[in-house]
Amino acid sequence: MYELSNHGKLTKEQWMNRQIRVRTIRSFVIFFLLLGLGGFAFAWLYNQPQGDDNVQPTLRRVLNANDHLCSLFFSKERKSKAFKKSEAAAEVRVNGDVGMDGELDTSWRLRVARAPGDTLVLTIDDLKALPKTEVVFDFKCVEGWSQVTWWGGVRFSDFLKKYNLAPQTALKYVGMVTPDEAYYVGNDMPSMLQPQTILCYEMNGAPLPQDQGYPLRLIIPVKYGIKHLKRIGTIYFSNDRPHDYWAEQGYDYFAGL
Ligand SMILES: Nc1nc2c(c(=O)[nH]1)N[C@H]1C(S)=C(S)[C@@H](COP(=O)(O)O)O[C@H]1N2
Ligand SMILES: [Mo]
C-alpha cells in the first residue's frame, strides 16, 4: 500500500511521520526565504537616496499615487461636517508660527498675481465688503489633535467671481505665501472652490488674533491644518504644483481629509 520506491515498505505511521517532517522543513525553508526577501526589500528601500523633496523616490511615488486617488474621489459637493457655533472652542489652540515674525499693521495688503506682471492689490476692507461666510468645523492637525473652531470670511469662490478671476480656475493649483515668504502652501483648485473654503478674517466673531493669522488666513476644511496658511501675503495660480512648506519636509502634498 504505502510503497516508496527507494525505501521499501513503510508502515502507515512511518509514512505519516516522514510526511510531517518533509512538510515542516518545507514550511521553514519558505518562511526564511520570504523573511530574507522582505529584509532585502526593506534594506533596498531604506538605503535609497532621498529625493529633492526629502522623501525617497519610491515612497514619493506611493504618496503621489495616493494623492491621485484622493483627487479622483474628491467631490466639491462633499462637505466637511458642520458644527454649531456653540460647540466651537473659546480658547483656540495656536500652532505653527513660521512666517509670522512681528506684528502686522494697517500697511498690510493682499497681493493677487492674476498673471505675470499683473498684480491686484487689496485691503482687508475690500474683502470685508464681500458677502461673509461663516464656517464651524473640526480643525485637524497632522500632529494628532483636533478642535471644533468657528471662522468667518469670504468664500474663495465668491472672491474669484467678484474680481473676475474665473479664467484662473482653469489652472490646477492656487499658491499662497506669507508676506516674508517663509511659509507657503499649494492647494488644488477643486479644494479651493469647495464652498467651505474661505479667505478668513474673523475667529469667534472677532478679528483674527495676530498669532492666528491676522489680518487674513486661509480656512480650507477639506485639508489638514498644514494647508491653512496664516497671514496671507500673496495668492497666485498655476498649473504646476506651487512650492509647499510641509510637502518639502516630506509630507503628503494633497493632505486631504
Ligand atoms: N504662516 C503659517 N501658517 C500656518 C502654520 C505656520 O507655521 N505658519 N502652521 C500650520 C499648521 S501646522 C496648523 S495646525 C495651523 C494651526 O492654526 P492655528 O494656529 O490657528 O491653530 O496653521 C497652519 N498655518
Ligand atoms: Mo498642523
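1. The shell around ligand 1 in this predicted model is made up of 10 nonpolar, six polar and four charged residues. In total, 20 residues surround the ligand. R93, N95, V98, R217 and K230 are the closest of these.

2. A polar backbone atom of N95 is placed 2.8 Å from an oxygen atom of the ligand. At H228, a polar backbone atom lies 2.9 Å from a nitrogen atom of ligand 1.

3. A side chain also takes part. K230, listed among the closest residues, places a polar side-chain atom 2.6 Å from an oxygen atom of ligand 1. Regarding burial, the ligand taken alone exposes 530 Å², and the protein buries 98% of that area.

4. As to where the ligand is located, ligand 1 sits in the largest pocket. The protein chain contains six helices and 12 strands. Its radius of gyration is 28 Å, well over the 18 Å that the globule rule gives for 257 residues, so the chain is more spread out than a compact globule.

5. Along its principal axes, the C-alpha trace spans about 100 × 45 × 35 Å.

Terms used
Residues numbered from 1 in each chain as written. Chains lettered and ligands numbered in written order. Predicted model: local features only at pLDDT ≥ 70, side-chain atom pairs only at ≥ 80, totals over all residues. Heavy atoms only, no water. Near = heavy atom within 4 Å. Polar contact = N/O pair within 3.5 Å; in protein donor to acceptor, adjacent residues only side chain to side chain. Areas by Shrake-Rupley, 256 points an atom, 1.4 Å probe, with all protein chains shown as cover. 1 Å grid on protein atoms, 1.4 Å probe; cavity = no way out; pocket = protein on both sides within 12 Å on 5 of 7 lines; lining within 4 Å. Sits in = over half its atoms within 2 Å of the grid points. Nonpolar A, V, L, I, M, F, W, Y, C, P; charged D, E, K, R; others polar. Helix = DSSP H or I, 4+ residues; strand = E, 2+ residues; numbered from the N terminus. Rg over C-alpha atoms; globule rule 2.2 N^0.38 Å.
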